[in-house]
Amino acid sequence: IADRSVPHILKLADQFQMERVVKQSEKHLMKSTSFDEMKKLLLADQYRLASLQDQCLDSFTNATELAEKLKLCPEYDIFSADMKVAICDRI
């Protein structure tokens, strides 16, 4: 799994219900530094990657930092209601 292919792999693994591939992709994303936290949160939301979601939300040191990132994040509008709730819980 490579950084440039992980979104495509996730899409296919989800479509064909390949849980092991989804989990391996999640592990890769958790170690990767090529994606910013908001992109990782978007992928975690789309493919229900709870561990990645928790890691991303825990990476923010305070509520102000998280709020600033959200203001700059155009993807916020497409987050699911569950993800928005999780973000609000962290704030």
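In this predicted model, helix α3 packs against helix α4 through Glu-37, Lys-40, Leu-41 and Ala-44 in α3, which meet Leu-52, Gln-53, Cys-56 and Leu-57 in α4. Contact here means heavy atoms within 4.5 Å. Helices are DSSP runs (H or I, at least four residues), numbered from the N terminus. By class, this contact has 5 nonpolar, 1 polar and 2 charged residues. Ala, Val, Leu, Ile, Met, Phe, Trp, Tyr, Cys and Pro count as nonpolar, Asp, Glu, Lys and Arg as charged, and the others, Gly among them, as polar. The axes of α3 and α4 come within 9 Å and cross at roughly 155°, which makes α3 roughly antiparallel to α4. Axes are lines fitted to C-alpha atoms, for helices over the stretch in contact, and the angles between N-to-C directions run from 0 to 180 degrees. Angles under 35 degrees count as roughly parallel, over 145 as roughly antiparallel, 65 to 115 as roughly perpendicular and the rest as oblique. The crossing of α3 and α4 is left-handed. A crossing is left-handed if the near helix is turned anticlockwise from the far one by less than a right angle, and right-handed if clockwise.

Residues are numbered from 1 along each chain as its sequence is written. Because the model is predicted, local features need pLDDT of at least 70 and side-chain atom pairs count only at pLDDT 80 or more, while totals for chains, interfaces and linings use all residues; side-chain values use heavy atoms, with hydrogens and water left out.

Helix α4 (residues 50-58) also meets helix α2 (residues 19-31), and the axes of these two helices come within 9 Å and cross at roughly 15°. Helices α2 and α4 are therefore roughly parallel to each other. Helix α2 passes α4 in a left-handed crossing. On the α2 side the contact involves Glu-26, Leu-29 and Met-30, and on the α4 side Ala-50, Ser-51, Leu-52 and Gln-55. These residues divide into 4 nonpolar, 2 polar and 1 charged. Lys-27 also lies in α2 and is partly exposed, with a relative accessible area of 47%. Buried means under 20% relative accessible area, exposed over 50%, and partly exposed in between (1.4 Å probe, protein chains only). The C-alpha atoms of Lys-27 and Ala-44 are separated by 11 Å, with the two residues 17 apart along the chain.

A further contact of α4 is with α6. The axes of α4 and α6 come within 11 Å and cross at roughly 35°, and the crossing is right-handed. Gln-53, Asp-54, Leu-57 and Asp-58 in α4 meet Met-83, Ala-86, Ile-87 and Arg-90 in α6. The contact of α4 with α6 has 4 nonpolar, 1 polar and 3 charged residues. Gln-53 in α4 is buried, with a relative accessible area of 19%. Leaving aside neighbours within four places in sequence, Gln-53 is in contact with Leu-41, Ala-44, Met-83 and Ala-86.

Asp-82 lies in helix α6 (residues 81-90) and is exposed, with a relative accessible area of 65%. Between the C-alpha atoms of Asp-82 and Ile-9, which are 73 residues apart along the chain, the separation is 23 Å. Ala-81, also placed in α6, is exposed at a relative accessible area of 57%. Ala-81 and Gln-24 are 57 residues apart in sequence and 26 Å apart in space, C-alpha to C-alpha.

The loops contain residues with positive phi. Most residues other than glycine have a negative phi. Gln-17, in the loop between α1 (6-15) and α2, has a phi near 55°, a positive value in a residue other than glycine. Gln-17 is exposed, with a relative accessible area of 71%. Arg-48, in the loop between α3 (37-46) and α4, likewise has a positive phi, near 55°. At 59% relative accessibility, Arg-48 counts as exposed.

The structure holds 1 aromatic pair. Tyr-76 and Phe-79 form this pair, which is edge-to-face, with 5.9 Å centre to centre and 90° between the planes. Rings of Phe, Tyr and Trp (its six-membered ring) pair if their centres lie within 6.5 Å; planes under 30 degrees apart count as stacked, over 60 as edge-to-face and the rest as tilted. Tyr-76 is partly exposed, with a relative accessible area of 24%, whereas Phe-79 counts as buried at 5% relative accessibility.
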